[in-house]
Structure formats: C-alpha cells, structure tokens
Amino acid sequence: MMKIICCLFAFVIYATPSFAKSPEQVKSAFLYQIAKFTKFTESMDPPPISFCFYNVETGPGSFLKDKSELQINKKPIKVILVKKTQQISELSQICDITYIDETLENDILPLWTDTISLNTLTIGESIRFLEKGGIASLVQEGNKIRLYINKQHVLQHNFKVQSRLLAMAKFYPN
C-alpha cells in the first residue's frame, strides 16, 4: 500500500506542468538574450532596441510587447508590429531585430533575397531560413529550442555578436 501511495505521489509531482514554458515564451526569452549579446551601431542619443514582429497577438512578440520595463544596455526595448507589405528599406531603418515565424518565411523570404539590411538582425524558425539569408534561427527540436547562427552572414553585417552568444549556438552550415 505504501508503494502505491509513493508512486501516486511521484506521478502527481512529475505530471504537473506548473512551471512549463511554452515554445513562444522560450523564444521570446531567447530573442531578449540575443539582443543583450549583440552590439548594434552606436550613436550619441541611442534609440531603444527595436524588435519587429509580423504578429504581436501570438508568438514571441506577444510576450515582449508589454514588457516596456525591460532594458538592454540601459536602452529600453520597443516592440513594433510590421506588415508584410512594408518595404525592406523601411524595416531596416526601424528594426534592430526582425523575427519571422515559420508560417511567413515562404511569403517574406523571396522579397528579402539580397536586400536584407546590414544593420538588421533577422531571426527565423527553420534551417531553410538560414539557407535563404537569415542570420539566426530558433529551431524546435523535440521539446527543445536551439539557436542556430549562419556565421558567414553574421560576419557580413554591421552589428557584432558577442562570443558568449556564439558559444551557445550551433552553426549552419557547419
């Protein structure tokens, strides 16, 4: 009887997902940390670090949009909702980080070929995103989210990614 009670107690403890984070929450935390370990262009009056999303009602943008108290290197963060119809040149002027979820990659990537700003860090959700010119990707592998970085593309841009971030990333292509 005691064994049954112990097994039941263990099942209740391990089956309760009270501290489980959704993939979107994990991705929003990744985006924030990526921004912390990236040095964007300097200016005398630094603007906020701007995160651009095509959707702020669901996905990682929904978790960052109401976090105006967050700062990165003493700069506030700003979440911007962008439209698929906005010109790439316009986005490159207002976005430090642009996040493109996997459902939009096929619609947006063809427009971005060879036009991605050297000042904008683009982050997607698939290896294909990296193959098509993206800088980083948050890829879900089973129950984990892994950061992949296209090191060749990072070296061509005007921002600097700190070695601490590179140390935790996987590279594509190897």
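Apart from neighbours within four places in sequence, S137 contacts I123, G124, E125, S126, I127, F129, L130, R146, L147 and Y148, a contact being defined by heavy atoms within 4.5 Å. The structure is a predicted model, in which local features require pLDDT of at least 70 and side-chain atom pairs count only at pLDDT 80 or more, whereas totals for chains, interfaces and linings use all residues. Residues are numbered from 1 along each chain as its sequence is written, and side-chain values use heavy atoms, with hydrogens and water left out.

S137 is located in strand β7; helices (H or I, at least four residues) and strands (E, at least two) are DSSP runs numbered from the N terminus. With a relative accessibility of 0%, S137 is classed as buried, the classes being buried under 20% relative accessible area, exposed over 50% and partly exposed in between (1.4 Å probe, protein chains only). A polar atom of the S137 side chain lies 3.3 Å from the backbone nitrogen of E125.

Strand β7 (residues 136-141) pairs with strand β8 (residues 144-149) in the antiparallel sense through 6 bridges, where pairing requires that DSSP find at least two bridges between two strands. Within this pairing, Y148 of β8 is the bridge partner of S137. Helix α2 (residues 23-36) packs on the sheet and touches β2 (49-53), β3, β4 (75-81), β5 (97-99), β6 (121-124), β7 and β8. The direction of α2 makes about 35° with that of β8; axes are lines fitted to C-alpha atoms, for helices over the stretch in contact, and angles between N-to-C directions run from 0 to 180 degrees.

The sheet as a whole is open and comprises 8 strands in the order β3-β4-β2-β5-β6-β7-β8-β10, with mixed pairing.

Beyond neighbours within four places in sequence, K75 contacts P46, P47, I49 and L70. The C-alpha atoms of K75 and P47 are 7.1 Å apart, with the two residues 28 apart in sequence.

Technical notes. A polar contact is a pair of N or O atoms within 3.5 Å; within protein, one must be able to donate a hydrogen and the other to accept it, and residues adjacent in sequence count only if both atoms are side-chain atoms.
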